[in-house]
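This report goes through selected local features of one protein structure, from helices to single residues. The sequence and the coordinates are shown first.

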Amino acid sequence: MTHHGHEPKEAHQQIPEELPILPSGDAIVFPSMVAPMASDNPMTVQIIDYAAASDKMVGIFAQRPNAEGATPTNLYPIGTAAVIARMFRLPDGSIRALLQGLERIRLKEVTQKEPFGKGKVEVLLETEEKSTELEALAHNLKSLFQKVVSLSPNLPDEIAIAAQSMAESGALADFIAAHINLSLEERQQLLETLDVGERLKRITALINRELELLELGSKIQSQIKGEMEKGQREYYLREQLKAIQKELGELDERSVEINELKAQIEQAGLPEVARKEAERELDRLAKMPPQAAEYSVSRTYLDWLVTLPWNKSTQDSMDVAQAARILDEDHYDLEKPKQRILEYLAVRQLKNGEMRGPILCFVGPPGTGKTSLGQSIARAMGRKFVRLSLGGIRDEAEIRGHRRTYVGALPGRIIQSMRRAESNNPVFMLDEVDKIGADFRGDPAAALLEVLDPEQNFAFSDHYLDVPFDLSKVMFITTANLADPIPPALLDRMETLELPGYTEIEKLHIARKYLIPRQLKENGLTAENLEFQDEAVLAIVRSYTREAGVRNLEREIGSVCRKVASRAAQGEKGKIAIAAQDVAEHLGPPHFRYEMAGEADEVGVATGLAWTPVGGDVLFVEAAVVPGKGSLTLTGKLGDVMQESARAALTYARSRARELNLPEHFYEKNDIHIHVPAGAIPKDGPSAGITMTVALVSALTRRPVSKKMAMTGEITLRGKVLPVGGIKDKVLAAHRAGIRKVALPKENEKDLAEVPEHVRQELQFLLVEHADEVLEAALESAEKEPASAAR
């Protein structure tokens, strides 16, 4: 049932004591309300027929929620007595009727259940105390209802006018309750409230809630409408703007952008494959609304395509003499890499520029100038220089980029660096190529195979660009401290050039020419304030640094400069000259011992030469023989290969016992201990074989070893001395330590050509093929053994 109208209450119409019970479901009819009813339920039709034939009155009672069946027990006890104002029957047997509510009634007793319910009822009279508060409540209620009607799309304005004209407060409350959205329980509660004042308060609370909901709905509606209107207005203005621009022969911003991109694509000189891809992407962009998420992706992609240096290149400087002058100006020594660059320029000059870029790998200890040499090469050739550090890179996408399907995708570092270079033939330095990692995201070293292969890199494919890019004109230079960690396939693609450590004289020249001027400038000094004497620089090299490169040397020079700058800032005037004896005053006690040759010869201690990643070094091998049961103890954190060398040395000594004048069964009654200081530093490799042999034989024969001689070489069980690597670094280390005699394997004679001339002249080389030769040269006679050396 729905409530639809209001008519004046008939005065004191008599309500019978017994009425037919008409269940109304979840609808409630208030007194004075007119409710239309339509039903084809046989029971309802019977009730209406019965009432129409008698006094036209029924008792309307709502059904309790969740109650099954419209039996009198499932109905609320308080309802409304209503009169059938009009009724007519349709041909299909259903009826239509208008019911007008009269009074509130209570169902006292059910007198009949079949064929329909009847019951005894009593009329409930509302109580009303006239007061100012009641008038105020009624007035406020009318005002609130007026607002509800104005905001509700379903209530006509006439309802508000009807409410305004009502004089009775109780009828006003019932009228408003019939026309606002209330639940069944709330309506029933209002029907059961006989106190008019209380009913007005309850309906005021409910109408306030309804008003709040309507106002919120209205606010949301107006916002949506405003946004829609704004969008429509913008669209309308844009369309007008387009029409105006069309009339004036102008283009809108988007068309201008598309045309600019088109012009950029034409000017970029893209290869055929890239041009087709760019035009296809531009067509997509032109058809796409700027608000689309894909728009910015396509726009960014086109930006990358048109800004890459597809055919932009710098003109190479073909003047070989000029290039040689620049290379010598920037770096002292490093003849091999310099020569290789000059050869490349010479060949390029003969071939009129048509030549693929070489792929070089500079391998050497830290601080030898590998990275700065790359910059110098770019300057000598007149090319742009870009540098990419590969140290710690673990993701293959860093090299090749991400596919465009990913959010925030970008090209890899190679393509990014090419765009920064703005040239397709820069000198491209890939630093620390030996420190690339690999994990579940792929192996960057494997991705570099294509970049560094002259047969493939003319069509390098980046995942983001998805079109081939020509890297064949790029001069790639990679740097590494060690060649071993570089995967063999990658190393095979590069031409390796060794940059070994510097000699003392070379370091002196580098300090004079580059390091001292740079540190003076960085610390606010000039040659007028501070002067380093050559002996002072050599003292720093010998006593404060032990390295193949010059980084620590520059730090120590910088430390001296800062102390002099501090003195100058405190007001000290005049030029300060740093001599060898002044170095300790500025840098503290020496960090390293320099001259070892002055030490006394000892039994069981031989001087060996070792190669380390930071250049050559001098190490001592100690051997001791103690009474025991023939065990061999090796200490000093030795690797497997070095331990095997020690065992080979012992077996050789046992096999030569007679020639060495050793007791035949010396091994069974003695324990032998070989130790290589420093104990905390890991050591490995076969090159200490002859050093261990000399130390062991010295300990067994009690003949001291000459401290003036250092040695290196691998030993076999037969005593053969095999060649080893790192000869230049080892010889330089011996020279640094003040040693003047070096025993080397005969087969390493060819490597001495790499040793600087002035070092070769200061050293005496003993080239040996058998351990006996070393023993003869290194061991002094037993009677020369000093008392202190006996162990």
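## Basis of the report

The structure is a predicted model. All values given here are computed from that model.

## Packing of helix 2 against helix 3

Two packed helices are described by the angle between their axes and the distance between the axes. For helix 2 (residues 132-151) and helix 3 (residues 157-164), the angle is about 175 degrees and the axes lie 9 Å apart. An angle over 145 degrees counts as roughly antiparallel, and helix 2 and helix 3 are therefore roughly antiparallel to each other.

On the side of helix 2, the residues in contact are Lys142, Ser143, Phe145, Gln146 and Val149. Helix 3 contributes Asp157, Ile159, Ala160, Ala163 and Gln164. Sorted by class, this contact between helix 2 and helix 3 contains five nonpolar, three polar and two charged residues.

How many of the ten residues of helix 24 are buried? In helix 24 (residues 727-736), ten of the ten are, so this helix is largely enclosed by the rest of the structure. The buried set in helix 24 includes the charged residues Lys728, Asp729, Lys730 and Arg736. It also includes Ile727, Val731, Leu732, Ala733, Ala734 and His735. Just after helix 24, Gly738 has a positive phi of about 85 degrees.

In helix 26 (residues 771-778), the buried residues are Ala771, Val774, Leu775 and Ala778. Viewed down the axis of helix 26, these buried residues fall within an arc of 100 degrees, so they line one face of the helix. An α-helix has 3.6 residues a turn, so residues three or four places apart point the same way.

## Backbone geometry in loops

Which two residues does a cis peptide bond join? The bond lies between Glu114 and Pro115, with omega at about -5 degrees. Pro115 belongs to the loop between strand 6 and strand 7 (118-124).

Asp466 has a phi near 60 degrees, which is a positive value in a residue other than glycine. Its loop runs between strand 11 (460-461) and strand 12 (468-469). Asp466 counts as exposed, at 53% relative accessibility. Arg702 likewise is a residue other than glycine with a positive phi, near 60 degrees. Arg702 sits in the loop between helix 23 (689-701) and strand 22 (704-705). With a relative accessibility of 26%, Arg702 counts as partly exposed.

## Cysteines

How many disulfides does a search of the whole structure find? The search finds zero. A disulfide is a covalent bond between the sulfur atoms of two cysteines. Cys361 is buried, at a relative accessible area of 0%. Cys561 is also buried, and its relative accessible area is 0%.

## Residues in strands

Thr111 is part of strand 6 (residues 95-112). Is Thr111 buried or partly exposed? Thr111 counts as partly exposed, at 35% relative accessibility. Leaving aside residues up to four places away in sequence, Thr111 touches Glu18, Lys118, Gly119 and Lys120. Of these, Glu18 is 93 residues from Thr111 along the chain, and the two C-alpha atoms are separated by 8.3 Å. Val83, in strand 5 (residues 78-89), is buried, with a relative accessible area of 11%. The C-alpha atom of Val83 is 9.7 Å from that of Ile15, a residue 68 positions apart from Val83 along the chain.

His673 lies in strand 21 (residues 670-675) and counts as partly exposed, at 32% relative accessibility. Beyond residues up to four places away in sequence, His673 touches Glu622, Ala623, Ala624, Thr633 and Thr635. His673 and Leu553 are 120 residues apart in sequence, and their C-alpha atoms are 38 Å apart.

## A residue in helix 9

Thr300 is found in helix 9 (residues 293-307). Thr300 is partly exposed, and its relative accessible area is 34%. Between Thr300 and Leu410 there are 9.2 Å in space, C-alpha to C-alpha, while in sequence the two are 110 residues apart.

Methods:
Residues are numbered from 1 along each chain as its sequence is written. This is a predicted model: local features need pLDDT of at least 70, side-chain atom pairs count only at pLDDT 80 or more; totals for chains, interfaces and linings use all residues. Side-chain values use heavy atoms; hydrogens and water are left out. Buried means under 20% relative accessible area, exposed over 50%, partly exposed in between (1.4 Å probe, protein chains only). Helices (H or I, at least four residues) and strands (E, at least two) are DSSP runs, numbered from the N terminus. The arc is that of the directions from the helix axis to the C-beta atoms. A disulfide is a pair of cysteine sulfur atoms within 2.5 Å. Axes are lines fitted to C-alpha atoms, for helices over the stretch in contact, and angles run from 0 to 180 degrees between N-to-C directions. Angles under 35 degrees count as roughly parallel, over 145 as roughly antiparallel, 65 to 115 as roughly perpendicular and the rest as oblique. Contact means heavy atoms within 4.5 Å.
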